[in-house]
Amino acid sequence: MNREDFPILNNDIIYFDNGATTLKPKSVIEAMNKYYFEHTSNIHRGDYKQAIVTNELYDGTREVVKEFVNAQGAEVIFTKGTTESLNLVVFGYMKKHLKRGDEVLLSKAEHASNILPWIKLSEEIGINIKYAPLNKDYELTYESIEKAITPKTRVVSIAQVSNVVGDVRDIEKIGALCKKKNILLSVDGAQSVPHMPVDFTKDNMDFLAFSGHKMAGPTGVGCLVVKKALIDKMEPLIYGGGMNQDFASDGSYELKKGPSRFEGGTPPIAEVIGLREAINYLSAMGMDTIHKHELALKKYLVDELSKIENIKLYNTKSKSGILSFNINDVFAQDTSIYLNHYNICVRAGNHCAKVLKDELNIKNTVRISLYFYNTKEEIDKLIEVLRQSYNIFKVVI
Amino acid sequence: MDEELKREIIIDNYQHPVHKGLVDDEAYIKENTNNESCIDNIDIMVKVENGVIEDIVFDGEACAISTSATSIMIKSLLNKKVEEAKKILLNYENMINEGDYDKKLLGELNVYDTIYKQPNRKMCALLPHNAIKKILEEIEKA
């Protein structure tokens, strides 16, 4: 769908690395160019008309985000991306409100950005990290979370869609459980918000983190959506201009209220404007339509790949556009280098989920991650190339 | 060397590398080596006695170039004096980085003499070199 909006696709590439970052449509680039060419200015301080336009676009984007993830009763903080958003949850909120012995529940299939900050916090204040086990398909079920919760659990912090096996977690049910048990729910939406309808309010999320560049938007911008009741209890990680109300040489200071308290320094203005356009672009297509397209493509991909001997698939059932595989006896990176010879872009590695290797018993896989501009014809080309992979070392060496 | 022959040597050493598997022996010095730009990750252990490389073993997950280069490197350095080994390592590094080198010193390692044509694979070819060089430096310091 909408391939004509992506100039990069004219270069005859097949882009299957959307879990890493996505391609950008012309309209997103144009919105950012317009800021640079026509109304460059900083936010919050200017009285001239370009600054007013910029300010309205920047702050107005918070409303666009809220509508997109149904978070009307929440606040939207702009960050550098999911990683910074999750760090803000951990060091901006949890550090102040958790104490020694409190438990945070994660899964072994989380991205580095949803494990490492917790490990660091555990080092600093002595919280305990627990991992809810995965099932035989490496998926995280509601039951697993329910069983792993103890009276000491204060937070559940998980991805809505895992970035390696692509399983879609039942956040609605998990959210209801957390609410009942008075546990905070922090959701890594990096692989869900770009690909399916996400409902912050219905799913009872307390925090939702995601990145612009994984949803057809620019790099350098992401969001942390926070429940209104929690934002005043958070502390900024960055101090300086734009986030304070007043300060004096006697050491007294007053910080701003609301999201700008967490956005010290000049924020990525062009990128926020680009993100706004990306959300408008995705909304016009419809998140349901995008999700259905990806699921149909994934089914086709799994059906076709299953016909090839010598290929091991790791997650045929998951309801997202992510699929990991290996060619038997071939190192994942050799496969990705092989596919590059045919202009097919995939990712080889552990996909930043280094603890998942305990579960998969294999460290590295080749990952295909789809988006709305991918087509059956592209999958046909991939299949054709993989069918000839007995030839792989002639190509890569 | 003929390209087809080079490829055969590389594939053979990738699929049947020598000295794969670590040992539990304090006489060995161990070094982990990985490549930030890719996902190769290898442990190498070297045993030096009386200034001679008695044994080298390795284990890990790595691509065809890294694995084969480790295997061939091990064969090339076994039973060499540390001084000779260092000379081979230096000439190998120069070859990979398109510098001057002595072809005669490198034997089977010459199969990587055109790897510079794939710049993103130079690091793969240098992976075992980096670890063994570090271990030999450590031994000399001690």
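## Domain interface in chain A

The area buried between domain 1 of chain A and domain 2 of chain A is about 3100 Å², with carbon and sulfur atoms giving 57% of that area. Buried area here is the accessible area, for a 1.4 Å probe, that two parts lose on being put together, summed over both. The size of an interface is often given in this way, as the accessible area lost when the parts come together. The model is a predicted one, in which local features need pLDDT of at least 70, side-chain atom pairs count only at pLDDT 80 or more, and totals for chains, interfaces and linings use all residues. Residues are numbered from 1 along each chain as its sequence is written, chains are lettered from A and ligands numbered from 1 in the order in which they are written, and side-chain values use heavy atoms, with hydrogens and water left out.

Domain 1 of chain A comprises 3-25 + 287-396, and domain 2 of chain A comprises 26-284; such bounds come from an automatic or database domain assignment. The C-alpha centres of the two domains are 28 Å apart. In contact (heavy atoms within 4.5 Å) are 37 residues of domain 1 of chain A and 37 residues of domain 2 of chain A.

## Polar and charged pairs between the domains

One salt bridge is counted between domain 1 of chain A and domain 2 of chain A, the term denoting a side-chain nitrogen of Lys or Arg within 4 Å of a carboxyl oxygen of Asp or Glu. A:K317 forms a salt bridge with A:D137, and their closest N and O atoms are 3.0 Å apart.

On the side of domain 1 of chain A that touches domain 2 of chain A, the elements that give two or more residues are α9 (287-306), β12 (322-327) and α11 (357-360) of chain A. Of these, α9(A) provides the largest share, five residues. Helices (H or I, at least four residues) and strands (E, at least two) are DSSP runs, numbered from the N terminus. By class, this side has 17 nonpolar, ten polar and ten charged residues. Ala, Val, Leu, Ile, Met, Phe, Trp, Tyr, Cys and Pro count as nonpolar, Asp, Glu, Lys and Arg as charged, and the others, Gly among them, as polar.

## Interface of chain B and chain A

Chain B gives 17 residues to the contact and chain A gives 14 residues. Together the chains bury about 1400 Å², 57% of it on carbon and sulfur atoms. In chain B, the residues that lose the most area to chain A are B:R7, B:I39 and B:E61, together 42% of what that side buries.

One salt bridge is found across this interface: the side chains of B:R121 and A:D334 meet at 2.9 Å, N to O. Six residue pairs are in polar contact across the interface of chain B and chain A, both at pLDDT 80 or more. On the side of chain B that touches chain A, α1 (3-15) and α2 (64-77) of chain B each supply at least two residues, and α1(B) contributes the largest share, six residues. The residues of that side divide into nine nonpolar, three polar and five charged.

## Overall form of the chains

Chain A contains 13 helices and 15 strands. Its radius of gyration is 22 Å, close to the 21 Å that the globule rule gives for 397 residues, so chain A is as compact as a globular protein of that length. The radius is taken over C-alpha atoms, and the globule rule is 2.2 Å times the number of residues to the power 0.38.

Chain B has five helices and three strands, in the order α-β-β-β-α-α-α-α along the sequence. The C-alpha trace of chain B spans about 40 × 30 × 25 Å along its principal axes.

Definitions and conventions: A polar contact is a pair of N or O atoms within 3.5 Å; within protein, one must be able to donate a hydrogen and the other to accept it, and residues adjacent in sequence count only if both atoms are side-chain atoms.
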